[in-house]
Amino acid sequence: MNPNRREYLLEILTTLYPPPHRLRLRSAASYPDHRPVASYRILPLPQRPQLLVPALPARATARILRYTVCPTSRLARLARAVAITGLTLPGATRLALPGRIDICGPPEADSFPRYLRHRLGRPVALAVHIGGPVRANRKPVVALLGDEGKPIGYAKLGVTPLTHQLINNERDALRILGTAQLRHVTVPQILHSGQWRGHNVLVQSALPVWRPRPLRSSAAIARAMVEVATVHGHHTGPLTGSGYAEALLTRLSALPADPDVTQLTHLTRRLLAHGHRTVLTYGAWHGDWTPWNTHPLPDGVLVWDWERFSLGVPLGLDAFHLFLAVRVSAGADLAQTVRECLARAPKLLAPFSVPPAAARLTCLLYLVDIGIRHLTDRALTGHSRHGEISAWLLPVLRYALNAEEEFV
Ligand SMILES: Nc1ncnc2c1ncn2[C@@H]1O[C@H](COP(=O)(O)OP(=O)(O)O)[C@@H](O)[C@H]1O
Ligand SMILES: [Mg+2]
């Protein structure tokens, strides 16, 4: 098994089952000499774990896979279908599910499932998402499995200052969204919010991500994004003096000094001066609208992961974020994609009724916003998703600003 993933897997399980629990990795062939309090299997392969599921027979595992893994590409959907079929074949438990981890300890010892049972009033089995590469916002996300392996909810635990903040932000976002009359977007409900052993805990209802997607979804996605943008009202005004311009500068000034921060601050001031008279409409954005945080259905879009939701931002930021996420996850060059995003800004913001000049300015503000996010994540955790912003964001921003200023 990849040592980093293995280490992370053990770290998550130790968080969920703290000492005196002990973890034992074993193959299914060996017989336990102890009574574990829980046993998990590692899917899809022990060498590359992505999901820990309760150690159940293969058919039950296939059901969990069907309901908790939500692939975004056709290839990944096919791989999941093959895995599910394989798990229903005779002998699958022994052949297809070799890796197993037992958790041993006294039955009365404190654990996260025990906490959940107490809070939710019923016992729940867990499936644990093991994230990919190290990310600033990495934290345990566990599916709470109901009957038939269908998730009834998802629980997140804050394990670092950043993930604490993000989980609190998601809780506040879900509270706002929970009172809105949404027609095109379905969001999770809060089932529980609390504290366990110093971790903040957010339990939300599970969205039915196993329902089939329609063939075409771009119009539904645009409607859903516009609905989110105006979910808490909207207002109009020039960039100068707007709460958004002030918020960008406040976030920048909170960052520890370094050359990237100095440059981004300089470029932000130039951008705010350049666009000072432009009138923008301000509303909300999801903050991380990507194919892997959303699932279109024929009657609307399921949207989760509201950790980065915020209010008082120019309309349309989610459209830029999705554009970049789709291209970059397909292997496109980041700097080149940022340039394309700028060139297409008027078209991308057409569903929000943003005029072309305001759309270009909004795109540049989006780049500043996301740049500040990268620097903030890096300052808090040492990680930033796409590496140094001096390599892909600052040069494009500088170039675009030069062009805009010349144009005026
Ligand atoms: N409410 C939910 N309904 C359905 N699936 C969810 C829900 N919350 C989380 N998930 C699943 O767990 C994964 C990780 O949760 P997410 O909120 O996206 O956190 P992260 O910040 O780690 O991306 C998601 O990609 C999705 O598969
Ligand atoms: Mg996510």
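How far does a polar side-chain atom of Lys156 lie from an oxygen atom of ligand 1? The distance is 2.7 Å. The model is predicted.

## Polar contacts of ligand 1

Lys156 is one of several residues in polar contact with the ligand. A polar side-chain atom of Asn137 sits 3.4 Å from an oxygen atom of ligand 1. Ser205 uses its backbone instead: an N or O atom there lies 2.9 Å from a nitrogen atom of ligand 1.

The protein covers 90% of the ligand's accessible area. On its own, ligand 1 has 540 Å² of such area.

## The shell

The shell around ligand 1 holds 18 residues. Lys139, Lys156, Ser205, Leu207 and Asp305 come nearest. By class, the shell divides into eight nonpolar, five polar and five charged residues. Strands β7 (151-157) and β10 (199-205) each give two or more residues to the shell.

Ligand 1 lies between two domains, because domain 1 (3-205) and domain 2 (218-407) both give residues to its shell.

## The magnesium site

Ligand 2 is a magnesium ion. Its coordinating atoms are OD1 of Asn293 and OD of Asp305, at 2.2 Å. The two residues are twelve apart in the chain. Asn293 belongs to the loop between β12 (279-285) and β13 (294-297). Asp305 belongs to the loop between β14 (300-303) and β15 (310-314).

Are these two residues buried or exposed? Asn293 has a relative accessible area of 4%, so it is buried. Asp305, at 14%, also counts as buried, because the cut-off is under 20%.

Notes: Residues numbered from 1 in each chain as written. Chains lettered and ligands numbered in written order. Predicted model: local features only at pLDDT ≥ 70, side-chain atom pairs only at ≥ 80, totals over all residues. Heavy atoms only, no water. Donors = N, O, S within 2.8 Å, 3.2 Å for Na, K, Ca; no water. Helix = DSSP H or I, 4+ residues; strand = E, 2+ residues; numbered from the N terminus. Buried < 20%, exposed > 50% of the residue type's maximum accessible area, 1.4 Å probe, protein only. Near = heavy atom within 4 Å. Polar contact = N/O pair within 3.5 Å; in protein donor to acceptor, adjacent residues only side chain to side chain. Areas by Shrake-Rupley, 256 points an atom, 1.4 Å probe, with all protein chains shown as cover. Nonpolar A, V, L, I, M, F, W, Y, C, P; charged D, E, K, R; others polar. Domains from an automatic or database assignment.
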